[in-house]
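Welcome, and thanks for taking a look at this one with me.

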Amino acid sequence: MSGSGDRLLPVLRVLRLVAYAALPAEVVLAVCLVAGVRIPGAVLAVTEVVTVTLLTAAGLVFLRLRRRGLSTREAVAELVPEAVLRLVGHELRLMTSLVRWVARRPHGVAGADGVFPHARDQAALFYGFAFVCLVETVGMSYLLAGRPVVHAVVLVLDVYTVLFVLGLHAASVTRPHVLTGDVLRLRQAAHVDVRVPLGLIASVRRESLFSHEKTDGELNLAVGAQTSLTIELTEPVDAPRLLGAPRPVRIVRVHADDPKALADALTRARRAPSPSPGPPPRA
């Protein structure tokens with residue numbers, strides 16, 4: 001931003017500082033109200049006024065950013081910290097994956113030369129987690145039947161937990177590894193999506209590993225605590241962390257339901273001759 005945009009920078013900083021204080025205060029007040037804690041009316045009034053003022057100011061700044069030519073995504077990025085956007089985006093991808101799972105519509109496979117699922121070996125584990133969460137939901141509903149407000153809040157949290165667990169598995173099912181052209185796209189649930197150019201792959205070997213130490217420069221995309229393929233690169237690629245921090249890696253260990261098919265596809269793709277231009281046109 002420049003010119004009038006520079007004058008918005010102090011406003012954006014103030015909005016973020018107020019948001020960091022006001023939004024957690026809203027959460028604390030909500031918890032206290034649910035727990036039956038008596039909150040002075042003046043405190044509630046001040047908190048609500050601050051919240052409404054914050055939202056109004058954010059809306060006005062958003063409109064000014066849009067009038068300056070920023071897209072909706074860019075304007076939101078100016079108002080909301082990147083870490084918050086990434087967390088919200090992750091949750092939305094999980095919920096969207098549930099819809100894709102039911103509709104049998106995998107993500108990012110259009111025009112792919114090869115699609116390699118990798119979620120089969122974790123299915124039983126996630127179904128077990130979801131069942132335990134469901135049992136806990138029923139039990140808490142019974143225990144809190146006499147406290148309707150608390151029961152409603154806990155029920156919402158419990159249902160979301162079940163959806164979250166199923167969403168993690170659904171994201172793995174609907175986001176397989178994909179080979180397209182000269183790029184291998186490796187994914188894990190909704191939080192890892194790494195594009196590896198085939199020209200950077202130094203070697204591919206099949207090896208089953210069930211323990212993975214955290215080491216700089218290595219990325220382990222384990223499924224059911226195992227990886228079945230190790231890919232070494234000639235130079236690092238960036239595999240950003242969940243909140244956006246860079247993570248250069250030169251060794252990537254992944255799992256596939258059929259690791260031989262993935263290894264063979266990579267070998268063929270790396271050996272395939274690059275397209276060469278035809279003979280020059282005659283004068």
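1. Let's start with one residue and its neighbours. Leaving aside residues up to four places away in sequence, Gln122 touches Leu168, His169, Ser172, Val223 and Gly224. Please keep in mind as you read that this is a predicted model.

2. Two of these neighbours deserve a second look. The side chain of Gln122 makes a polar contact of 3.2 Å with the side chain of His169. A polar contact, also at 3.2 Å, links the side chains of Gln122 and Ser172.

3. Where does Gln122 lie in the chain? You will find Gln122 in the loop between strand E1 (114-116) and helix H5 (123-143). Gln122 counts as buried because its relative accessibility is 7%, and the cut-off for buried is under 20%.

4. Now for the whole chain. The protein chain has 7 helices and 8 strands. It holds 283 residues, and 31% of them count as buried. If you take the contacts between residues at least 6 apart in sequence, 66% join residues at least 24 apart. The accessible surface of the protein chain is about 17200 Å², and carbon and sulfur atoms account for 65% of it.

5. On the surface, have a look at Val14, Val18, Val46 and Val50: they form a nonpolar patch with about 290 Å² of accessible area together. Helix H1 (4-35) and helix H2 (41-67) are the elements that give two or more residues to this patch.

6. Next, a point about the backbone. Most residues other than glycine have a negative phi. Arg104 is not a glycine, yet it has a positive phi of about 55°. Arg104 lies in the loop between helix H4 (82-103) and E1. With a relative accessible area of 75%, Arg104 is exposed.

7. What is the phi of Ala189? It is positive, at about 50°, although Ala189 is not a glycine. Ala189 is found in the loop between strand E3 (183-188) and strand E4 (192-197). Its relative accessible area is 6%, so Ala189 is buried.

Notes
Residues numbered from 1 in each chain as written. Predicted model: local features only at pLDDT ≥ 70, side-chain atom pairs only at ≥ 80, totals over all residues. Heavy atoms only, no water. Helix = DSSP H or I, 4+ residues; strand = E, 2+ residues; numbered from the N terminus. Buried < 20%, exposed > 50% of the residue type's maximum accessible area, 1.4 Å probe, protein only. Polar contact = N/O pair within 3.5 Å; in protein donor to acceptor, adjacent residues only side chain to side chain. Contact = heavy atoms within 4.5 Å. Areas by Shrake-Rupley, 256 points an atom, 1.4 Å probe, with all protein chains shown as cover. Patch = residues over 30% accessible without salt bridge, like charges linked within 9 Å, V, L, I, M, F, W, Y side chains within 5 Å. Salt bridge = Lys/Arg side-chain N within 4 Å of Asp/Glu carboxyl O.
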